[in-house]
Amino acid sequence: MGKVKNWAMDIEEFCNGYFYAGADQPFVLDEDDFTIDEVVEDVQMYFKSNAAAKYAKEYLEKTFN
């Protein structure tokens with residue numbers, strides 16, 4: 001179970017690196033920033049995993065919607 005949790009946290013941290021938020025602000029997705037699909041593509045390339053890309057998409061959609 002620990003490996004899966006670390007894997008998920010690694011993906012979330014990777015995704016969070018694309019979006020800046022101040023200390024008191026939630027993450028903000030602006031039109032000038034990366035799109036969710038662009039971040040998911042980068043996750044796919046970095047982690048070399050379809051499961052990682054699927055998890056990233058679910059995480060980002062939950063976070064920004």
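Reply: One definition comes first: helices are DSSP runs of H or I with at least four residues, numbered from the N terminus. The model is predicted. In it, Glu58 belongs to helix α3, which covers residues 50-64.

Me: Is Glu58 buried or exposed, or in between?
Reply: Partly exposed is the range between under 20% (buried) and over 50% (exposed) relative accessible area. Glu58 is partly exposed because its relative accessibility is 44%. The C-alpha atom of Glu58 is 9.7 Å from that of Val40, 18 residues apart along the chain.

Me: How is a pair of aromatic rings described?
Reply: The distance of the centres and the angle of the planes describe such a pair. The whole structure contains 6 aromatic pairs. For Trp7 and Tyr55, the ring centres are 5.9 Å apart and the planes stand at 45°, so this pair is tilted.

Me: Which parts of the chain does that pair link?
Reply: The pair links distant parts of the chain, with Trp7 in helix α1 (residues 2-16) and Tyr55 in helix α3, 48 residues apart. Trp7 is partly exposed at 32% relative accessible area, and Tyr55 is partly exposed at 23%.

Me: What is the geometry of the pair formed by Tyr46 and Phe47?
Reply: Tyr46 and Phe47 are edge-to-face, with 5.0 Å centre to centre and 75° between the planes. Tyr46 is exposed, at a relative accessible area of 56%, whereas Phe47 is partly exposed at 21%.

Me: Which residues form one aromatic cluster?
Reply: The cluster consists of Phe14, Tyr18, Phe34, Tyr46 and Phe47.

Key. Residues numbered from 1 in each chain as written. Predicted model: local features only at pLDDT ≥ 70, side-chain atom pairs only at ≥ 80, totals over all residues. Heavy atoms only, no water. Helix = DSSP H or I, 4+ residues; strand = E, 2+ residues; numbered from the N terminus. Buried < 20%, exposed > 50% of the residue type's maximum accessible area, 1.4 Å probe, protein only. Phe/Tyr/Trp six-rings, centres within 6.5 Å; stacked < 30°, edge-to-face > 60°.
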